[in-house]
Amino acid sequence: MVNPATEELITTVPATSAAGVDAAVRRAAAAQARWAALAPGDRARLLRRFATTVDAHREELAQLEVAEAGHPVGNARWEAGNVRDLLDYAAGGVERLTGQQIPVSGGVNLTFREPLGTVAVIAPWNFPMPVAAWGTAPALAAGNAVLLKPAETTPLTALRLAGLALAAGLPEGLFQVLPGSGAGTGRALVDHPGVAKVVFTGSTATGREVMARCAAQIKAVTLELGGKSPNIVFADADIERAAAAAPGSFLDNTGQDCCARSRILVQRQVYDRFLELLEPAVHAFTCGDPTDPGTAMGPLVSAAQRTRVRGYVPEDAPAAIRGTAPKGKGYWYPATVLEREPADRVAVEEVFGPVAVVLPFTDEADAVRLANATPYGLSGSIWTRDTGRALRLAQSVAAGNLSVNSHASVRYWTPFGGYKHSGLGRELGPGALAAFTETKNVFLDTQDPEHPQEQP
Ligand code: NDP
């Protein structure tokens, strides 16, 4: 593992072999049977204890995230707290995971929610802690075992979380972290017949492969994939507020965010004014040492990711706005705002770096057309003072998570997921636990054989 701000080697972590995956699946199956048999209140109590243990180690987890992913320390502290909250929220669901009683004639019809068994969570490097917990917390709460494969570049927080789970009293084998490559450990997990569901977050290309492999075994799969989300600014919006908020929406996490609003669509009559206001706001989003609490943006996660971003936009390419970044060691890349044609590659594909394209639009119909002109459909923002227009737009943009006069789109208690090539299924929110269950329907004949029910 390499610190992306310094390029120093932090440590090395051995990869899990196919035989290691197989042994982990067997341990998970044994632990899951015991876990599912526990009283719901006991499962909930253990998950709450896990949350409390994470809370007690928040600073340690945050420092690991700063070191291996280059996240600014303030963000990393929030992320560790988010894991705690996800566990707490999931714990609250254990005793509320109810079935139904459906009216039928001649008896009683009941549904039960049964755990799936063992769930594989394949996490990316951009938000190693929260995304790992999105799948892990509800899957455990619903009575499953979890095998978590972190990204090869960022396994350290995941490994620490597994240690904290054991310290909190979760049974051995119930939550295991299997570091290794996608092509090796990842594929072995997806293909293993002892894994009942795969929760994948990452690129659309890899998601497509994971889904095809799951299809071969009729295995359940959730995909959280890429995005190229619009930030739509109408002339009737509070332009000052919209411009002040825009940098955070595509520079947070150095743009390595599936929800990044990397296409800024601005109504033509306020286009120049918006750019004027955006420039100082971008410069104020300071890029530098992630251990400094005043830093807003750290380095890119790896040399490979910087090469990828440079492949879209070389650092000397013409730009409307370009921020500053440290020179020397570290995978630095400055905040960059481009004016390009709507069909340009950089305006349509996911760059996953601190790069946004600004495009003018004429009216509502033009805004919707541009917003929907990518294969993705994850998030988006709409800035307007007209609430009717806000709702019309929210209903017309094909994306799973939209915000009005805001860029907030991920909360652990609201559903999250994508349309089109941005994904399949939903995570988080009130339905999170149910997504890790099978529904069983049972009919009980209650008729008295002496007095059978009259048929109409
Ligand atoms: P990937 O989609 O390849 O990686 C995501 C996760 O999947 C990692 O844990 C990876 O492991 C694993 N993986 C890779 N191949 C397989 C496979 N065949 N079977 C099972 N698991 C696999 O993303 P990259 O890291 O290659 O990033 C490339 C681009 O993808 C980024 O630039 C960005 O555009 C996009 N991306 C989007 C994310 C999102 O949140 N939507 C997150 C990450 C990337 P390992 O890393 O160990 O190889």
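**Entry 1: ground rules**

I am working with a predicted model, where local features need pLDDT of at least 70 and side-chain atom pairs count only at pLDDT 80 or more, while totals for chains, interfaces and linings use all residues. Residues are numbered from 1 along each chain as its sequence is written, and side-chain values use heavy atoms, with hydrogens and water left out.

**Entry 2: the two domains**

I began with the division of the protein chain, which gives domain 1 (18-225 + 422-442) and domain 2 (230-404); the bounds come from an automatic or database domain assignment. Taken over C-alpha atoms, the centres of the two domains are separated by 31 Å. To their contact, domain 1 gives 18 residues and domain 2 gives 22 residues, where contact means heavy atoms within 4.5 Å.

**Entry 3: the ligand**

Which residues come nearest to the ligand? I noted Ala123, Trp125, Glu152, Ser203 and Arg308, out of 28 residues around the ligand; a residue is near a molecule or strand if one of its heavy atoms lies within 4 Å of it.

I then looked up polar contacts, which are pairs of N or O atoms within 3.5 Å; within protein, one atom must be able to donate a hydrogen and the other to accept it, and residues adjacent in sequence count only if both atoms are side-chain atoms. A backbone N or O atom of Ala123 lies 2.7 Å from an oxygen atom of the ligand, and a polar backbone atom of Ser203 is 2.7 Å from an oxygen atom of the ligand. At Gly202, a polar backbone atom is 3.3 Å from a nitrogen atom of the ligand. On its own the ligand has 860 Å² of accessible area, and the protein covers 87% of that; such areas come from the Shrake-Rupley method with a 1.4 Å probe, and for residues only the protein chains shown count as cover.

Next I listed the elements that give two or more residues to the shell around the ligand, and they are α7 (182-191), β6 (197-201), α8 (204-216) and α11 (303-312). Helices (H or I, at least four residues) and strands (E, at least two) are DSSP runs, numbered from the N terminus. Both domain 1 and domain 2 supply at least three residues each to this shell. By type, the shell holds eleven nonpolar, eleven polar and six charged residues, counting Ala, Val, Leu, Ile, Met, Phe, Trp, Tyr, Cys and Pro as nonpolar, Asp, Glu, Lys and Arg as charged, and the others, Gly among them, as polar.

**Entry 4: Arg187 in α7**

Arg187 is found in helix α7. Is Arg187 buried or partly exposed? I recorded Arg187 as partly exposed because its relative accessible area is 32%; buried means under 20%, exposed over 50%, and partly exposed in between (1.4 Å probe, protein chains only).

**Entry 5: buried positions**

I turned to Ser379, whose place is in strand β14 (residues 379-383). Ser379 counts as buried because its relative accessibility is 1%, and beyond its neighbours within four places in sequence, its contacts include Cys259, Arg261 and Asn401.

Leu428 lies in the loop between β17 (423-424) and β18 (437-445), and counts as buried at 5% relative accessibility. Not counting residues up to four places away in sequence, Leu428 touches several residues, among them Leu86, Trp134 and Phe416. From Leu428 to Phe416 the C-alpha atoms are 6.0 Å apart, and the two residues are twelve apart in sequence.

**Entry 6: positive phi**

I also looked up two backbone angles. Glu7, in the segment before α1 (18-37), has a phi near 65°, a positive value in a residue other than glycine, and Glu7 is partly exposed at 32%. Asn253, in the loop between α9 (239-251) and β9 (263-267), has a positive phi near 55°, and Asn253 counts as buried at 3% relative accessibility.
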